[in-house]
Amino acid sequence: MILEVNDIEKSFGGIKALDGVSVSIENNTISGLIGPNGSGKTTLLNTVSGFLAPDKGTVYFGGKDITSLPPFQVSRLGMTRTFQITRLFRGMTVLESMLLASKTQDDGLFPVFFNRKKLMETERRDVQKAVEILDFLEIEHMKHEYAVALSGGQQKLLSLGMALMADPRMVLLDEPVAGVNPTLANKIFEKVMLEKEKRTFLVVEHNIDILMNFCDIIYVMNKGRIVASGTPDEVQRNETVIDVYLGG
Amino acid sequence: MLLDYVLDMLVYIGIFAILAISLNLEFGYTRLMNFGKVAFFATGAYTSALLSMTGASFIEGMAAGMLISALLGLLVALPTLRLRADYLAIVTIAFGEILRLFFLNEVWFTNGPMGIRGIPQPLYSVFDNDYMLFYVLLVYTTLIICYLFAERIVNSPFGRVLKAIRDDEEAVQAFGKNTCMFKIKIFIIGSSMASVSGSLFAHYLAFISPDMFYPTVTFSVWTMMVIGGSANNLGVIAGAVLVQVFERGTRFLKDFVVLPIEPSNLRVILIGLLLILFLLYRPDGIIKEEKNRGLL
Amino acid sequence: MFLTQLVINSVVTGSIYVLIAIGLTIVYRVLKFANFSHAELITFGAYMAYIVNVSLGMDLFYGALAAFLLTGALGIATDRLVFKKLRKNGSNVISMMIASIGIGLVLRQSIQEKWGPNQVWYDIETRTFEIFGGSITEMQVYIILISIALILILHFMFTRTKLGKAMRGVSDNPQLAMASGIDTEKILLWVWFIGGGLAGIGGVFRGADTRLVPLLGWEIILSAFAVVILGGIGSFYGAIIAAYILGFAENFGVSILSDLSISTGYRPAIAFMILIIVLIVRPSGIMGKKEAA
């Protein structure tokens with residue numbers, strides 16, 4: 001198990017957004033997380049990645065207790081997340097954004113003045129890696145454009161690219177294909193599939209069909225709880241799931 | 001006579017350009033709202049002045065000022081930088097005022113409202129008649145060093161993180177960066193740089209008093225940055241030139257023409273208007289931020 | 001005598017701060033930015049009352065009334081001329097804060113141009129009463145009573161009237177307020193009018209209690225921000241409690257300073273200390289909602 005979430009609770013002003021959620025995710029799998037709006041999917045992602053501290057429960061990542069660690073520490077341990085509304089840096093180009101995401105960057109003050117040679121070497125390596133990833137995602141030709149000048153779909157690709165650039169053991173994707181045309185959406189998931197042997201994915205997505213095609217395990221949330229989980233086939237046949245989606 | 005005016009203006013432009021670059025590092029690149037720039041300017045001026053009165057050299061005074069400003073910067077940064085942006089604005093503005101009160105009230109230490117007179121000027125005996133010219137050179141050498149230093153920082157991986165923090169701090173944290181540390185570091189650098197400019201100021205005038213360090217100094221530096229173009233170090237230097245030519249120019253003019261408005265009032269009113277008009281109609285300033293094509 | 005006098009002075013200071021801070025906090029709550037030009041709205045109000053009271057020779061009561069109306073109008077004018085345009089440009093709250101500094105500079109120096117840098121006084125009688133060994137002027141009694149009356153009126157407005165509820169709606173969720181048919185821009189006008197008007201009256205109080213100078217508002221704006229943050233940004237009741245806390249802290253603090261033979265010129269530092277302590281211990285203030293930084 002790379003990620004173990006045990007009995008997490010989180011309330012906002014008396015409303016329980018997470019009401020005892022437990023999830024266990026195995027290495028090198030793609031897990032999907034579905035559920036109606038307001039069922040707690042993004043809250044779960046925020047809690048796991050350190051952006052929110054849970055009221056109760058624990059989160060273990062790679063056997064290490066990461067409950068309530070600040071986001072940057074969670075990220076350093078090898079878990080990177082993307083955001084639902086793509087949050088790209090306005091003043092930065094595609095390539096710059098990719099470089100920022102790298103964990104090997106020499107981003108201290110000391111090397112700026114005293115170890116320029118090593119800094120340039122790392123930079124060269126990072127640029128090469130960034131270009132490879134951009135190439136893999138087929139947006140290499142845009143590398144000197146401002147990130148915000150990209151089309152919606154390209155922006156989604158870039159945020160996936162930035163997550164990959166961090167070379168994490170686990171990636172949390174928050175709606176990676178929302179608002180993206182079906183062809184491109186499939187392409188994005190195909191890229192994720194290709195990365196599966198290197199890392200583990202947890203994907204929140206409204207597009208259930210696409211999750212059914214690509215995921216190993218699907219978790220279904222409703223009203224702050226996991227109401228069902230299993231392989232896509234099992235979940236599709238599950239009565240509760242049909243209730244959640246059809247009964248509201 | 002006219003040459004003296006020009007040289008004097010050049011010195012002021014240089015001193016304020018350094019301040020503008022220091023603010024640009026904090027706000028232009030990192031979005032830290034330092035409304036107390038004058039505090040660190042004053043710290044440099046007073047430290048340098050007081051030390052040199054006891055026989056320390058210009059360089060020693062400047063170095064001590066930088067160190068004290070860095071410590072004060074850290075002190076201000078620690079409780080506020082992890083909080084919302086507007087808290088920093090309020091705290092720094094307050095800090096500047098409290099520091100001015102300190103210089104005003106601690107007469108035993110700073111000579112209070114009478115100020116410090118006869119601050120020794122570096123290498124005065126050597127240059128004597130050409131001293132103004134020498135000082136212009138001194139100021140501009142310092143400015144060039146500060147400019148290159150700032151450019152080096154912003155065009156590095158460190159600077160890249162600053163710009164990303166400016167655009168979306170949370171998203172930067174998601175990539176494993178301790179954003180608070182970056183903000184504290186650049187705030188300390190900005191404070192030290194402002195202190196350098198304060199030292200140059202004190203030794204140039206050979207006299208300082210608390211009423212030179214009103215918050216209007218801070219806001220005039222803000223105007224330089226906004227109209228010059230924040231996140232562009234050449235732009236903010238251009239802004240410093242414009243505002244200073246205008247500020248010194250009205251002082252110069254008042255000796256020759258009668259203005260319908262008290263010149264000191266007119267200056268501040270126009271600085272305020274420039275600030276507002278640029279925010280409204282040209283928020284990128286005269287020179288826009290450049291697209292970064294990377295280090296290689 | 002001392003304790004009674006300190007308590008009286010504290011209540012007076014608190015009464016001066018309270019309206020200013022309420023004005024500042026409601027603009028802060030709805031517009032989401034720290035309006036530094038609030039300082040000059042305070043000063044402007046004080047001088048408007050000066051025109052009515054000294055230039056026109058009328059009672060200061062009418063001066064205060066004029067200060068409320070005219071400063072409220074000035075608040076609206078700053079919004080129409082600057083902040084509304086910035087909102088339309090899609091500028092963020094940071095630009096608005098910087099712009100508010102610009103407005104402050106223009107206003108303050110224009111006031112100085114018109115009335116000069118030297119202090120002036122209202123034309124008011126100063127009858128003094130003795131109570132429990134302390135003394136209080138008639139003016140100070142008015143300051144305390146009018147503040148309380150206005151707080152009650154505002155409380156009624158925020159809780160009972162459609163306008164007050166709409167203001168809260170707009171600040172809590174502008175999209176929802178708009179969707180439910182509230183004319184957001186119209187509500188903003190009222191926010192500026194009331195916020196500015198309260199600053200104006202606060203300025204008259206301060207001017208009557210001390211004297212008028214172009215820096216009148218600037219001298220107390222830090223205390224006002226300390227009150228707003230101590231009370232919790234946007235909290236009406238928090239601002240009321242915090243204003244009186246600060247009134248007591250400053251007056252007792254100054255008395256302690258002079259006991260320690262430290263210059264009482266450090267009075268503004270007391271507000272600063274409180275500000276820093278609040279930011280370290282409880283940045284959301286006493287009545288503020290806890291939120292992520």
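This is a predicted model: local features need pLDDT of at least 70, side-chain atom pairs count only at pLDDT 80 or more; totals for chains, interfaces and linings use all residues.

Reader: How many residue pairs are in polar contact between domain 1 of chain A and domain 2 of chain A?

Author: The count is 4, with both residues at pLDDT 80 or more. On the domain 1 side, helix 2 (71-76) and helix 7 (182-195) of chain A each supply at least two residues. Helix 7 gives the most, with 4 residues. By class, that side has 1 nonpolar, 2 polar and 5 charged residues.

Reader: And how much area is buried between domain 1 of chain A and domain 2 of chain A?

Author: About 530 Å², with carbon and sulfur atoms giving 53%. On the domain 1 side, A:R87, A:K187 and A:K191 supply 63% of the buried area.

Reader: Now the chains. What area is buried between chain B and chain C?

Author: About 3,800 Å², and carbon and sulfur atoms give 77% of that. In chain B, the residues losing the most area to chain C are B:I90, B:L279 and B:L280, together 16% of what that side buries.

Reader: How many salt bridges does the rule find across the interface of chain B and chain C?

Author: It finds 0, but 10 residue pairs are in polar contact, both at pLDDT 80 or more. Helix 4 of chain B gives the most to the chain B side, with 13 residues. By class, that side has 30 nonpolar, 6 polar and 7 charged residues.

Notes
Residues are numbered from 1 along each chain as its sequence is written. Chains are lettered from A and ligands numbered from 1 in the order in which they are written. Side-chain values use heavy atoms; hydrogens and water are left out. Buried area is the accessible area (1.4 Å probe) that two parts lose on being put together, summed over both. A salt bridge is a side-chain nitrogen of Lys or Arg within 4 Å of a carboxyl oxygen of Asp or Glu. A polar contact is a pair of N or O atoms within 3.5 Å; within protein, one must be able to donate a hydrogen and the other to accept it, and residues adjacent in sequence count only if both atoms are side-chain atoms. Ala, Val, Leu, Ile, Met, Phe, Trp, Tyr, Cys and Pro count as nonpolar, Asp, Glu, Lys and Arg as charged, and the others, Gly among them, as polar.
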